[in-house]
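Dear colleague,

Please find below the structure that I am handing over to you. My notes on it follow directly after.

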Amino acid sequence: MTNRIYASLMGSICLLTAAGANADQPKEWQMGLQEAATPIMHEIRWFEQYTLWFIVPVTLFVLVLLIIVGVKFRARANPVPSKTSHNTAIEIVWTLAPVLILMFLAFPSFNLLNAQLTQPENPDLTLKATATQWQWNYEYAAAEGAEPLAFDSYMLKDADRAAAGKDDKARYPRLLAVDNEMVVPVGKTVRLLVTAAPTDVIHAFAMPAFGVKIDAVPGRLNETWFKPEKEGLYYGQCSELCGKDHAFMPIAIRVVSEEQYKTWHDAAAADLSGANRALMASVDGAPRSVQVAENEAK
């Protein structure tokens, strides 16, 4: 009896914990942006809501004007059209109103661009993402004299799901899941260098939940940054038309605790597959452990 109570209690705790680490990905019938997982994405979502206060009234105002013109000034209702050619008040209004609207949009957008383009002085982690047709290669900056950690990330094929332990399509969705995710610690500033292979084409690294979208150009090193606020598995894709398999070049970033990241990084240098499996077990494996505990209790 005591074992059953303990197993049930642990199951509840694991379910509550797992709820906060759900994969963030596109959802059916989704109309808005993905939930923000970085400070920059919070600002992007705010700016999107802010612009709607201008877009919606202007759109409705233009619609009303079109209806009035169509009804009041149609040929049957207005057989003799007016020959008025100028109206000073109207010309002043339709000149000043767009200028004022653009000013109210410009200043917040400049602040947002400044926040996106200003690189942190002392990032906690530096990564390099190199795009090729049609995969991503991730390279982690290493201490002086040490070998950097680098690996390829391919889209996960259905035939490889069982071997990779990624049968759950809700968490590892088709066409978005990969064999090796980029792994970063939560709450740390990550500097991301993005490029493409010298003989390749232009790609784009895009992670909607992070507010990140930057081109990967052959022979050019672009730079961006992000600071994930919550643990989870986040999905993006190449967002530049790069060839016949453009739609099969996903990006997956797994955000974990600092302790889990250090354990994974230390092990990945020698055995990437084993490190990934151990990390998945610590993140995704809790419910299965509880099920075993319940069976033993019975």
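In what order do the five strands of the open sheet lie? The order is 4-10-9-6-7, and the pairing within this sheet is mixed. Please bear in mind that the model is predicted.

Overall composition

The chain contains seven helices and ten strands. Of its 298 residues, 34% count as buried. Among contacts with a separation of 6 or more, 68% are between residues 24 or more positions apart. The accessible surface amounts to about 18,400 Å², and carbon and sulfur atoms supply 62% of that area.

To return to the open sheet, its order is 4-10-9-6-7. Strand 4 (182-185) and strand 7 (212-216) are the edge strands, each pairing on one side only. From one strand to the next, the twist averages 25°. Helix 5 (residues 258-268) packs on this sheet, where it touches strand 4 and strand 10, and its direction makes about 135° with that of strand 4. Helix 6 (residues 272-284) also lies across strand 4 and strand 10, and runs at about 65° to strand 10.

Strand 9 (residues 232-238) is mostly covered, with six of its seven residues buried. It pairs with strand 10 (residues 250-256) in the antiparallel sense over six bridges, and within that pairing Tyr234 has Ile253 as its bridge partner. Strand 9 also pairs with strand 6 (residues 203-207), again in the antiparallel sense, over two bridges. There, Phe205 stands opposite Cys238.

Nonpolar cores

The largest nonpolar core has 39 residues. The residues with the most contacts inside this core are Trp136, Tyr140, Met182, Phe205, Phe210, Ile253 and Trp264. A second, separate core consists of nine residues, including Leu156, Tyr172, Ala177 and Met280.

Which residues does Phe210 touch, not counting those up to four places away in sequence? They are Ala37, Thr38, Ile40, Met41, Phe226, Pro228, Tyr234, Ile253 and Val255.

The cysteine pair

The structure holds zero disulfides.

Glu139

Glu139 is found in strand 2 (residues 135-140). Is Glu139 buried or partly exposed? Its relative accessibility is 32%, so Glu139 counts as partly exposed, given that this class lies between 20% and 50%. The C-alpha atoms of Glu139 and Ala150 are separated by 4.2 Å, although the two residues are eleven apart along the chain. Ala150 is also among the contacts of Glu139 once neighbours within four places in sequence are left aside.

With kind regards

Methods: Residues numbered from 1 in each chain as written. Predicted model: local features only at pLDDT ≥ 70, side-chain atom pairs only at ≥ 80, totals over all residues. Heavy atoms only, no water. Helix = DSSP H or I, 4+ residues; strand = E, 2+ residues; numbered from the N terminus. Buried < 20%, exposed > 50% of the residue type's maximum accessible area, 1.4 Å probe, protein only. Contact = heavy atoms within 4.5 Å. Areas by Shrake-Rupley, 256 points an atom, 1.4 Å probe, with all protein chains shown as cover. Pairing = 2+ DSSP bridges. Core = buried A, V, L, I, M, F, W, Y, C linked by side-chain atoms within 4.5 Å. Disulfide = S-S within 2.5 Å. Axes fitted to C-alpha atoms, helices over the stretch in contact; angles between N-to-C directions.
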